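Good morning, and thank you for the time on today's agenda.

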Amino acid sequence: MRNINIRVDHITRVEGHGDIVVNVKEGKIEECRWEVVEAPRFFEAFVRGRNYTEVAHITSRICGICSIGHTLCSLQATESALGIKVSEQTRLLRRILIQGENLQSHVLHTYFLAAPDFVGVPSVVPLVQTHPDVVLRALRMKKLANDLCDVFGGRTVHPITPTVNGFTKLPEIKAIKEIRKRLSDATPDLVATLELFKTLKIPKFERETEYISLKSKEEYALYDGMIASTDAGTTPVENYRSWTNEYLVPHSTAKYTKHVRDSYMVGALARFNNNYDQLSPRAKKVAAELGLKAPCYNPFMNSVVQVVEAVHAVDESIRLIDEVLDKGLKEEDRRVLLKAGKGVGAVDVPRGILFHEYAYDKNGVCTEANCIIPTNQNHANIQKDMEALLPQILDRPQDEIRLSFEMLVRAYDPCISCSTHLLKVEFV
Amino acid sequence: MKPKIAFFDFACCEGCQLQVVNLEVEMVDLLGAVDIVQFREAMTEKSDDYAIAFVEGSITREKDIPRLKKIREQATILVALGACATIGGVNCLKNFQPADEVRKYVYGDKADWYETFAARPIDAVVPVDYYIHGCPMHKEEFLKVVKSLLLGKKPEIPTYPVCVECKRAGNVCVFELGMKCLGPVTRAGCGAWCPTYRDNCVGCRGLIPDPNTNAEKEVLKKNGLTVEQAIGQFRIFLGYSEVAK
């Protein structure tokens, strides 16, 4: 009977700080734990007292990678609280922005953070020497996504133009046409990406869980819709608290959640399982080539679904841009009539469904705030996966077990900075 | 031999390190000129032998202090990366509420599990050699600073206000559009990023040397803010500085 002792302090190639602890004594599992050790930052507390125009700019700073998603979710919550229904033009431009962020984040994760494990290198850096074409392609695709976000949001990291009830400045038609051309020219890079990911050997492991995402009649939902679960159907986003049920655990600065089962999963795989039918025809073809079929219960496949969603993001951006070019853009009246109220926003950001909720007083000053972040909703599921995976690989060398666990955590694409600011706050 | 550089982060969104990854094709050039020996967000390989340390994030916990001091001891040059590190940034908003209340609001009856103290920039704890300002930092400015350091030169950071760059960009002043802007007292270098997209400057690059903040407060008052609201404008990013108190 063997002993295994694994301690990964601050797992690398993820956003934020998390640790893995595995302790096996004479063949018996004593500890198997995912810990979050990020410094807490207290956003919900400190947006209180801020004006409704500032809240999205502040909560955007929860996370650099998903700052567009946080901004849009925050704006939705504020608009809902103030009783604002945004124009079709605003909704259209925001839907392009969230596709841009999904593409940007998925390229970063699949190429820079996840792929090195599959080729047996510690990071993308050695690949600059050995596989310069792959690295340059990844950088080119990332630049395309960033430029798309720059055109529609003014800036990729912490976007500038999205504001309450519209945009401070509309994108220029000339820039939109240029980025459209680059999106349609991206096909060879997408094909090469597909070919690369076809060659990667994904660990065989399955654990069925509950999958939660947004769902919409209109499209593969990212920007708006109902909350959907593979176990429990759909519910309006306003019911998010009874579907997330946050709780605290002593070894983690982040909060955990559960719904029908002990844990649930959010993110690309959850969206895929709930909304596969609404992927673009090309994305469906890519899914088939990658051996993906909904429902899929292998969490390691989350990174592979991100490749599918990257293709979908390009197709969907082109479709939405064509709608913009067809309808044209016009300056709109963004004035807001203040009133006291509270509201919820929900956006399916790269790492999964995100909720913001605020209350405002009659002067538009924020009095309450609550944010539930995708990675928090995944922490319990990562833990359950580890517990299920460990007995299956217990006979392997310790280094291999460690790598499997790191790969499992990375597959979730955790964004730990994001995940350390929540809690349940009862609004009165 | 190529200089060894390392990246570290404390309380922040890691958006400035993301800006480094966002360098895109210049990233390859950067990797040709330096040896990145530690960058947890993007690399598993790791060494504590480095000459230049880039540090992102604010200091918010007792246990951050020894970690930062160790980085300072090792690094010949320490560069603060982004508003959280250079001026404290949005993290300092919490300093204006009682610490216990803040912890209770977010973590309820488990508040004691979560250690925190008033957020501060890294130069409140150790000496900092150079600053790359902004939220997020401008990736071109990052490259410029790295190039200067490689040449053994002192990086040039503007000491004039955002208004200068805003005028140069030909923007309509956002005060004219009814907004309240901190551009007149905020350090330039971003190319008046926000006003160019018709949003007001919130001071993320910190104050210029010898800013006339009283005059700025008067301007904000003239444009309809109360004294309290004018100070509140400074608190979004400049909560650690005197002007916000």
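First, some conventions. Residues are numbered from 1 along each chain as its sequence is written, and chains are lettered from A and ligands numbered from 1 in the order in which they are written. This is a predicted model, in which local features need pLDDT of at least 70 and side-chain atom pairs count only at pLDDT 80 or more, while totals for chains, interfaces and linings use all residues.

Let us start with chain A. Chain A is divided into domain 1, residues 4–36, and domain 2, residues 43–419; such bounds come from an automatic or database domain assignment. Between the C-alpha centres of these two domains of chain A there are 26 Å. Where they meet, 19 residues of domain 1 of chain A are in contact with 26 residues of domain 2 of chain A, contact being defined as C-beta atoms, placed from the backbone, that lie within 7 Å. On the domain 1 side, strand S1 (4–8), strand S2 (18–25) and strand S3 (28–36) of chain A each give two or more residues. Helices (H or I, at least four residues) and strands (E, at least two) are DSSP runs, numbered from the N terminus. The most comes from S3(A), with six residues. By class, this side of domain 1 of chain A has 12 nonpolar, three polar and four charged residues. Here Ala, Val, Leu, Ile, Met, Phe, Trp, Tyr, Cys and Pro count as nonpolar, Asp, Glu, Lys and Arg as charged, and the others, Gly among them, as polar.

Next, the helix pair. How do helix H7 (residues 173–184) and helix H12 (residues 302–327) of chain A cross? Their axes come within 10 Å and cross at roughly 150°. The axes are lines fitted to C-alpha atoms, for helices over the stretch in contact, and angles run from 0 to 180 degrees between N-to-C directions. H7(A) is therefore roughly antiparallel to H12(A), a term for angles over 145 degrees. H7(A) contributes A:Ile176, A:Arg180, A:Leu183 and A:Ser184 to the contact, and among the residues from H12(A) are A:Val314, A:Ile318 and A:Ile321. The residues of this contact divide into seven nonpolar, two polar and one charged.

I turn now to the two chains together. Their contact takes 48 residues from chain A and 46 residues from chain B. Helices H1 (43–46), H4 (88–119), H5 (125–130) and H6 (132–153) of chain A each supply at least two residues of the chain A side. H6(A) has the largest share, four residues. The chain A side has 23 nonpolar, 15 polar and 10 charged residues.

Finally, chain B. Chain B has domain 1 (4–150) and domain 2 (162–244), with C-alpha centres 25 Å apart. In this case, 17 residues of domain 1 of chain B are in contact with 13 residues of domain 2 of chain B.

Chain B also holds an open sheet of five strands, in the order S2-S1-S3-S4-S5, with parallel pairing; two strands pair if DSSP finds at least two bridges between them. Which strands lie at its edges? They are S2 (35–39) and S5 (130–132) of chain B, each pairing on one side only. Four bridges join strand S1 (residues 4–9) of chain B to S2(B), and B:Ile5 stands opposite B:Ile36 in S2(B).

Notes. Two residues are in contact if their C-beta atoms, placed from the backbone, lie within 7 Å. Angles under 35 degrees count as roughly parallel, over 145 as roughly antiparallel, 65 to 115 as roughly perpendicular and the rest as oblique.
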